[in-house]
Amino acid sequence: MRKLKRLAGAGLLLLLANVSISQPTFPENGVADPRHGHFAFTNATIVKDAGTTITNATMVVKDGKIVAVGSGLKIPAGAVEVDCKGKYIYPSFIDVYADYGIPQPQRTGGGGQFNPSQQPQLETATKGAYGWNQAIKSDAEAYRMFAVDDAKAKPLREAGFGTVLTHIKDGIARGTGAVVSLASEKENLVIIKERASAHYSFSKGTSTQSYPGSMMGMIALLRQTYLDAQWYKNKPAAEGLNLSLKAWNETQDLPQIFEAGDKWNNLRADRIGDEFGVQYIIKAGQNEYQRIKEMKGTNATFILPLNYPQAQDVEDPNDARFVSLQDMKHWEMAPANAAAFEKAGIPFCLTTADLRSVNQFWANLRKAMEYGLSENKVMEALTKTPAITLGIYDKVGSLEAGKLGNFLIANGPLFNEKTIILQNWVQGIKYTVKEDAASVAGTYSLTVTSLSGKETYTLDVKNASAVTMFAKDTLNSKFSFDGKLVKISYAPMTRRQRPVMNPGQMPDSVRRTGGGFPGRGGSGMEQALPVTATRLSGVSNGTEWNGTGTDSLGNPLTWTASLVKAAEAKTDSVKKKDVPALGKIVYPFEPFGWDESQQPKQENILIRNATVWTNEKEGVLQNTDVLIKNGKIAAVGKNLTEATARVIDGTGKHVTAGIIDEHSHIAAASINEGGQSVTSEVRIADNLNPDDINIYRQLSGGVTTSHILHGSANVIGGQTQLIKLRWGANDDDLKLKGWPGQIKFALGENVKRSNFSIPGGNNRYPDTRMGVEQVLIDAFTRAKDYQQDWKEYNTAKEKLIKEKKSTASLLAPRRDLELEALVEILEKKRFITCHSYVQSEINGAMEVANKMGYTVNTFTHILEGYKVADKMKKHGSFASTFSDWWAYKMEVEDAIPYNAAIMQKVGLTVAINSDDAEMARRLNHEAAKIVKYGGVTEEEALKMVTLNPAIMLHVDDKVGSLKVGKDGDVVLWSDHPLSIYAKSLYTIVDGTIYFDRQKDEQLQKEIDMERLRLVRKMNGEKRSGAPTIPAQPSYQIMHTCSDHGHSHGLLVIDADDITNE
Amino acid sequence: MRKIFIAISALFMIAANAQETVLPAKEQKGLLFIKNATIHVGNGKVIENGTIKIKDGKIEEVGANLPIPMDDVKVFDMKGKHVYPGLILPTSTLGLVEISSVRATQDSREIGDMNPNVRALVAYNTDSKVINTLRSNGVLLANVVPQGSFVAGSSSVVQLDAWNWEDAAYKTDAGIHVYMPSLMPRPSFGRFGGGGGGGPQAPQVDPVKEGLEKIEGLKSFFKEAKAYHAETAHEETNLKFEAVKGLFNKGQKLYVHANTVKQTLVALDFVKEFGFEVVLVGGSESYQVADLLKQNNVSVILQQPHSLPTGQDDDVDQPYKTAAALQKAGVLFAISDDDPQTRGRNLPFNAGTAAAYGLSKEEALAAISLNAAKIMGVADKTGSIEVGKDANIVVSEGDLLDMRTSNVTDAFIQGRKIDLTDKHKLLNEKYEQKYELKTKKGF
């Protein structure tokens, strides 16, 4: 058993430097001093856990552990009694998301990620028998790196923490975390559980390797690593020793903690877990309240930080102009995040992580409580929940016999405004947080003896730094008491001086600014004393103080003071504040989002007497009605009736199917995974972003379906996702379900990185169109071998099963997500959309496809398609192009606006796409240009943005025309749909009106009102003295193809400009 | 004898020639008539069944019932067609940049912050393949503008049918271009920030202060330039001062490229302190200060109406509506199209969008013709179909501002009937031959 040889005496701070704990194996330098830290805390109110409070109780602690807790306990012999009358004892807090005692991660290697002017780093910079990716640091072990750091431990202890789970916050896989106490003792004794958790994140940390360079790349890397680790269990000879996978496997049984940090990222992480049977504990961010239902759906326990956005200085309307409603709303509501979790019944822990300083913890915690978080929940979230989550509830998290002596002593109920934590005992060792200022308070009689005789004064001590001193008259005085030493100085008051204001009378805002947690009373408002003031210095010997001093003339004196009457403990009179009034949560959390009362609902809609563009053999019908019922087109004809339908007069107006954009990059958290030339394992679907305002903007242009493509950074890019523009839906509900997937390929300048400015030139294969062909051939050659391996394995397995033999000896091939996607192409389960420009590369891509046995489903961009349209037709490709783009780079030098028309006339199915968040809302006009350039009919032109993209996306059974039974995706236009003067009046998806031009005007007014309210609220904060930061323009990241310029306005930043890969 | 040209563009069946064989048209001599047209004058008026009389390149008469002499004159019967003034692209790097990603073809941006003496005109390449594609949509003149980080140089107006830049020059060095510092904190993003996650961070330097200092530097430059021009003899010649002389006698205008309200308010200094004629280029936020612009006689070039709104909270259609707001306030404004992917050919459609969102069609036309001419100081020569001006005229089968109906069949620059062949039409022709396709509709 370990021995605690030295324990701090009551009232003294622990001085580590003097005597260190001896351990049996450690030689002693001096004389042994065995002690047991045996204490009995009596007469206390003990809160054993959030639900159990016992009054007038006793707790016995010995050898760092709790021996007994209860009322009416006998004080054991050998125990030092500590009288806790009027005090409250609580279990110390647990922070499950710390990096306490862990060295700061250091960056090694070069690599493009941090310095865009450097060449990409294609391989890991980590030396040794580790895995291929530098960001997978599953072998990291916090307990091996851990070193006690009292400077870091102290603020945590003072905030009430006794135990933390610490780990190195570096990498996508971060290895194990260790539970350690915050005692400033030798590491051997402080580490409570060396491997307590395994950690993951969506951040590469110090990895300088190019891959993964995107959110979806990280997700793919994690998925592949789970598969590889599974495969590695059979010790495949081809892999040799892989310490990363070995460590990964060894840590899977631990609690798995994922730092996701954002509402959508939380869902992304949880889905990875679901796929591999792992329930992550999710380290959240600040914005989960915006999607609390989805958070609940994860079934995860969350770790919630308590940092909030700062108020901005928006006094200047021209500065306020660029601060978005979303940012202001988030500022207002973020403190309610934890309360939202409680209300939703989602288990969570609280952490000090992400705070600018641990000192903010209490202020921010109180703010969360002000916004509705209950005391009980706080207690649970800081003690029991983390302990249970980490499987250490047998050691910490409540006050019970056998657990560690980690507890707080406070001078009142912990969450009362004026309560302060006096001591935080960790492993039975006392750490004084704050002297009990209340205990010194009272009336004292002061007697000063000097050459001139005795003088008597009355001292009215308010707390450790405030006193009122008087004889006949009140004196100007100054006082300080540190628990032992007393200092008093005084002088007669001058006439101009007024009575001193003491800290107890100060407004809360002033009192609480000094660091934010209990007990940090401010001072410093005293009147200056003259240099001639009498100065006293002494020591408290309990209720009597004795000391010496110097009088106003410089003569020595002695003094004593005795307690006449202790101050009566005041009950905390602070009233519980009302939860502040907050704006509404809207879906999505964006301007033009809807609150629950305004949610657009599916309805039966009858549009009457319009010009109807059917895209079917009926062609364009005049004076015709369209009925949408139960989300589907129910009828197209004359004089339709439907009693349940909302009737819209279409007289003089036009109805078309919703516009479908074959090539879009909206609504995704990342678009390009350029870390490698083949990244078929990444999926846009993994990182949809339903909060993109461009969803709404495009609805206003009649778009109902968008094909979200991976960018063109590499030859074989990622898997695409088809979405419907269901504004306000979550990421999963955006998806158009039941379509065969597609994948993005790219050729030419972008994949060669011809237009990159990389010093020393491109170092990623390929650098020429010759190399592009070889990348394709190589990828599909590997895919075919892979397909064959699995075929053989499955045949052999079936045979064994048929023969009723064991399949145990049969090893499955390694599952490879990259090749799996390519096999899907070979098996016609996944279709290609291929970014392409010049005729040579188009020919080349088709030849490789023919050779390998697949078809290039769609050539997208395809600006030289007109040169090889006959060959494309023969190959069986579709074409999706721009109307009139050209001359923005060398490979579009021969692009012509007649391209679409020529291809159409040769017999190809042609679409016009946007590849641009702005142009997408004018796709009907882009289609009109094909009438202008090349003279296709107006009906054919309209099909290029409706039916034709549906065909190439293999969803023409669902969308693309006004045919009975298809989805109710319909646009009512004010004018001829190809005319520049046409506007969408209603954009309907699945029979739900998601854009209504009249309602849009109303929403705009509401946005202005809400902005005004929040600007005033922020200004109010500023005027009330709260700190503000300068107004921060709400810049938005726009993801693009990395192919060409865009006109996106002042506040839009191209994602490529901030992330090199 | 009276020669009648029936303008059917499909008759321009040019064999698969390279654009290199498209010749600038010869000087127009004598009389030329365009008749039976709907004439969109450019100043808001429309003349039905109108006739335009052109003599030696100038418009001599315009009206509904002009007599046409039975003389040896050229007469173009434009029955059923629409006739417009030649459109003017008010800001462009036309002829300075051929392929924007190929450095060797970029001549729009000189090194340094203070380049008032740099002249865009001298780099204007009349053989750029882009030029003819603009003519095909009715753009007959362009203001060729240098780009830069601060004071970029001077712009010149060119007409788009010339052998070389000297022939093309329509108004030389008449604009000095200043690209205003942003006066906004720069963004700081973490990677992969989700909506609302991660708070913004305070910037390191105050960009407003930094920008204002830069602008103060420019004002000092102008003060010294003014003093320089006040002296009769100089100790030495200062090319930069010389280059801005016109600003002080209204021979030149100061084009300030700026968008935000703060930038715009600062730009008013150039009006107040120096009495310059200021043109705001960009102007995405100009609708918020329209009355101040009007009061200070600042005109605006809206660079790209086909843009997304500035902020998420903005009216989804704000960029489309800004022109109407300026019109309402009485601000002189023009519309431009600087889309790098289409290079200006969609100028009429940017105006068309403004017409869909609050301008009348004739106001929208003025924004790309007469207003632009006024801003560029060439309204005495072009911008409308009015007597005394150059016969810069576009003929379209339908509404020129709507891509659905726009089909330019003929165009005249200084009365010269220009060849509307462009690289794209030629490639179209080439491949129509390859596939033996017949056009249903001409170019």
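This note goes through a predicted model with chains A and B, point by point.

1. Numbering and thresholds. Residues are numbered from 1 along each chain as its sequence is written, and chains are lettered from A and ligands numbered from 1 in the order in which they are written. In this predicted model, local features need pLDDT of at least 70 and side-chain atom pairs count only at pLDDT 80 or more, while totals for chains, interfaces and linings use all residues.

2. Confidence in chain A. The average pLDDT (the predictor's confidence in each residue, from 0 to 100) is 91 for chain A, and 92% of its residues score at least 70. Residues 1-20 of chain A are below 50, and this stretch has 35 contacts in the model beyond near neighbours in sequence; two residues are in contact if their C-beta atoms, placed from the backbone, lie within 7 Å. Residues 499-526 of chain A also stay under 50, with 46 contacts beyond four places in sequence.

3. Overall form of chain B. Chain B has 12 helices and 17 strands; helices (H or I, at least four residues) and strands (E, at least two) are DSSP runs, numbered from the N terminus. Its radius of gyration is 23 Å, close to the 22 Å that the globule rule gives for 443 residues, so chain B is as compact as a globular protein of that length. That radius is taken over C-alpha atoms, and the rule is 2.2 Å times the number of residues to the power 0.38. Of the 443 residues in chain B, 56% are buried. A residue is buried if 20 or more other C-beta atoms, placed from the backbone, lie within 10 Å of its own, exposed if 12 or fewer, and partly exposed in between.

4. Domains of chain B. Domain 1 covers 1-85 + 385-443 and domain 2 covers 87-187 + 199-382, with bounds from an automatic or database domain assignment. Their contact takes 32 residues from domain 1 of chain B and 30 residues from domain 2 of chain B. On the domain 1 side, strand S6 (82-85), strand S15 (393-396), strand S16 (408-413) and helix H12 (423-435) of chain B each supply at least two residues. S16(B) gives the most to that side, three residues.

5. The interface between chains. The contact draws 86 residues from chain A and 59 residues from chain B. On the chain A side, the largest share is five residues, from helix H24 (residues 923-932) of chain A.

6. Helix H2 of chain A. In H2(A) (residues 150-158), the buried residues are Ala153(A), Leu156(A), Arg157(A) and Glu158(A). Their cover includes strand S6 (93-98) and strand S7 (161-166) of chain A. After H2(A) comes Gly160(A), with a positive phi near 115°.

7. Backbone points to check. Most residues other than glycine have a negative phi, and most peptide bonds are trans. The bond from Tyr211(A) to Pro212(A) is cis, with omega near -5°, and Pro212(A) sits in the loop between strand S9 (191-201) and helix H4 (215-232) of chain A. Another cis bond joins Tyr765(A) and Pro766(A), with omega about 5°.

8. Positive phi in chain B. Asp56(B) has a phi near 50° and counts as partly exposed, with 14 C-beta neighbours inside 10 Å. Gln414(B) has a positive phi of about 50° and lies in the loop between S16 and strand S17 (416-417) of chain B. With 24 C-beta neighbours inside 10 Å, Gln414(B) counts as buried.
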